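These are my notebook entries on a structure that is new to me. I set down what I looked up, entry by entry.

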Amino acid sequence: MAGKRGALIVLEGVDKAGKTTQCKKLVQALQQSGQSVEMMRFPDRTTIIGQLINAYLEKKSDLEDHVVHLLFSANRWEMVKKLEQGTTLVVDRYAFSGAAFTSAKPGFCLDWCKKPDVGLPKPDLVMFLQLSPAQAALRGQFGEERYETDDFQRTVQQKFDQLMKDPSVNWQEIDASQSIEDVHREITTHSLNTINIAQDLPLGELWK
Ligand code: Z5A
């Protein structure tokens, strides 16, 4: 119907929680149910900014911590037109990862880390895939990328816990230790409810 907008749906969670798996399945399910929907992921490693981030994550370059934080945020801002265009978007990581990962580094506070993303399109729903470190370990070893260590991931989880206390964001915690199909069913139900509600509401601005 003319004038109706799609929903902005974000999946967040710790490493190996199944975000990418679930984003892909959700997009497929929504498309099959006749929705106009696209997937987006951050970092988007295909842009020039994304390539700088990719080299940093793969430890092929070193960047000052403030610089890399701002690049992650810029990588979201360069997609803002797409985020605002009205089709439903399923997004694999967003500004919450940005704030949680940088604020897990020494000398950074959550408040500063949120600032560059203030005013981005506000998700209608953020599903946080909860998985304990022990359960994550069952899904294989960490990879070789930066940040993929037990200690760092534990601190990141604490930062996510702090972010989830913010009532201005529509958080939904999901038990990611369930089977892929069970997680998918739960995520699809929340998403369809959100799409229905969001179509009659204006898109908000994050952390404003
Ligand atoms: N980062 C940042 O610092 N600042 C920012 O602003 C942003 C990101 C946006 C790269 O991100 C890094 O960038 C990331 C945060 C930082 N660092 N870390 N660590 P990324 O999105 O490219 O990260 P990734 O490494 O590709 O994603 P991931 O977290 O490792 O994985 P995932 O997407 O959550 O999981 P998955 O790939 O869907 O599944 C992992 C495995 O588990 C796979 O073998 C699946 O088949 C299996 N799996 C999935 N679900 C299940 C269930 N339910 N049961 C059993 N097995 C399962």
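Where is the place of Pro-43? I found Pro-43 in the loop between strand 2 and helix 2 (48–57); helices (H or I, at least four residues) and strands (E, at least two) are DSSP runs numbered from the N terminus.

**Basis.** I note that this is a predicted model, in which local features need pLDDT of at least 70 and side-chain atom pairs count only at pLDDT 80 or more, while totals for chains, interfaces and linings use all residues. Residues are numbered from 1 along each chain as its sequence is written, and side-chain values use heavy atoms, with hydrogens and water left out.

**Backbone.** I looked up the peptide bond between Phe-42 and Pro-43 and found it cis, with omega about 0°. I then turned to Lys-16, in the loop between strand 1 and helix 1 (19–32). Its phi is positive, near 70°, although the residue is not glycine. Most residues other than glycine have a negative phi, and most peptide bonds are trans.

I traced an open sheet of 5 strands in the order 2-3-1-5-6, with parallel pairing; two strands pair if DSSP finds at least two bridges between them. Strand 2 (37–41) and strand 6 (171–175) are the edge strands, each pairing on one side only. From one strand to the next the twist averages 20°. Strand 5 (residues 125–130) pairs with strand 6 in the parallel sense over 5 bridges, and Val-126 stands opposite Trp-171 of strand 6.

I also recorded helix 8 (residues 150–163), which packs on the sheet and touches strand 1 (8–13), strand 5 and strand 6; contact means heavy atoms within 4.5 Å. The direction of helix 8 makes about 145° with that of strand 5. Axes are lines fitted to C-alpha atoms, for helices over the stretch in contact, and angles run from 0 to 180 degrees between N-to-C directions.

**Ligand.** I found 27 residues surrounding the ligand, the closest being Lys-19, Thr-20, Thr-21, Arg-76 and Arg-93; a residue is near if one of its heavy atoms lies within 4 Å. A backbone N or O atom of Ala-17 is 3.2 Å from a ligand oxygen atom. For Gly-98, a polar backbone atom lies 3.3 Å from an oxygen atom of the ligand.

**Record.** I read in UniProt, from an unreviewed entry, the feature "domain: Thymidylate kinase-like" at residues 11–187; such annotations may be inferred rather than shown by experiment. I noted that this span is 46% helix and 15% strand, with its end C-alpha atoms 9 Å apart.

Notes. A polar contact is a pair of N or O atoms within 3.5 Å; within protein, one must be able to donate a hydrogen and the other to accept it, and residues adjacent in sequence count only if both atoms are side-chain atoms.
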